[in-house]
Amino acid sequence: MHLQEIERDNGVRILFAAESGSRAWGTQSPDSDWDVRFVYVHPLEWYLSVEMGRDVIEVMADDGFDGSGWDIRKALQLYSRTNMTMLEWLGSPIVYRDNKELHNALGVLLPCFFSKTMALRHYYHVALNHYRKNNMEKCRGELKRYLYVLRSLLACLWIREQGTPPPVLLDELVASEVRDMEIEGEIAAILRLKRASREHDKESVSEVLLAYVKHLLEDVRLTLSTSVPENAYRGGMGKELDRLLYKIVMT
């Protein structure tokens, strides 16, 4: 219903819509919002104007719907720069609207545009910012921020080892990247608490888990200190995105 209202109120066509944030990661609380993210296209005339129009739509509703979307041109620009937010939308396990042609084309082109170093840098800074904001040194803070830090650091491990975008679900990252049964148990305990508590509840975490987080932060920092960003535009593949944009706008 909300997606149809967005299309009607803004004169656009939604190509892709998916859940983002805690519900997509499998870490939601009972009172978590529905963070729906989408990509849309305007009629052809919108792209022929001298003045650039606003290329973002944001909608909040009283029922917990938190919607935000990007115009297709903006979305493709960000995709070409290894924008991990865009890649997480595309990898979400909860999809509400899907344009198969767009999704398949971006999947085929991904190796041409994905930068391992840029992806690592993104998740490292997400982890570091939430670590500092949550004051994790004091062992007590919002459960959601602990999970932001853990998920981001495990995503770094995945990217470093696999060289591809990480899974969106936290459970998949834990299963792949955590090899210590004690740490796995600590993460499982936080997940159980988060899934049964309110969105901003605070809890304490163990010294073992905090030591693990500190180790990963330093480990990833050292990796980044010796990394050189790859050229994401390999072989002039930007023209492929131009052709994709043209095809979508003209359809």
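This is a predicted model: local features need pLDDT of at least 70, side-chain atom pairs count only at pLDDT 80 or more; totals for chains, interfaces and linings use all residues.

Residues are numbered from 1 along each chain as its sequence is written, and side-chain values use heavy atoms, with hydrogens and water left out.

I then asked which side chain meets Arg97 in a salt bridge. The partner is Glu7, at 3.0 Å from N to O (a salt bridge is a side-chain nitrogen of Lys or Arg within 4 Å of a carboxyl oxygen of Asp or Glu). Arg97 sits in strand β5 and Glu7 in helix α1, 90 residues apart (helices, H or I with at least four residues, and strands, E with at least two, are DSSP runs numbered from the N terminus). Glu7 counts as buried, at 18% relative accessibility.

I followed strand β5 into its sheet, which is open, has five strands in the order β3-β4-β2-β1-β5, and shows mixed pairing (two strands pair if DSSP finds at least two bridges between them). The edge strands are β3 (56-60) and β5 (95-97), each pairing on one side only. Inside the sheet, β2 (residues 34-41) and β4 (residues 65-71) pair in the parallel sense over seven bridges, and Phe38 has Gly69 in β4 as its bridge partner.

I returned to the salt bridges, of which the structure holds twelve. In another of these, Glu88 joins Arg151, with the closest N and O atoms 3.0 Å apart. Glu88 lies in helix α4 (residues 84-91) and Arg151 in helix α7 (residues 143-162), so the pair ties together parts that are 63 residues apart in sequence. I noted that Glu88 is buried at 13% relative accessible area, and that Arg151 is buried as well, at 3%.

I also looked up Asp219 and Arg160, whose side chains meet in a salt bridge at 2.8 Å, N to O. Asp219 belongs to helix α10 (residues 207-225) and Arg160 to helix α7, 59 residues apart. Asp219 is partly exposed, with a relative accessible area of 23%, and Arg160 counts as partly exposed at 25%.

Methods. Buried means under 20% relative accessible area, exposed over 50%, partly exposed in between (1.4 Å probe, protein chains only).
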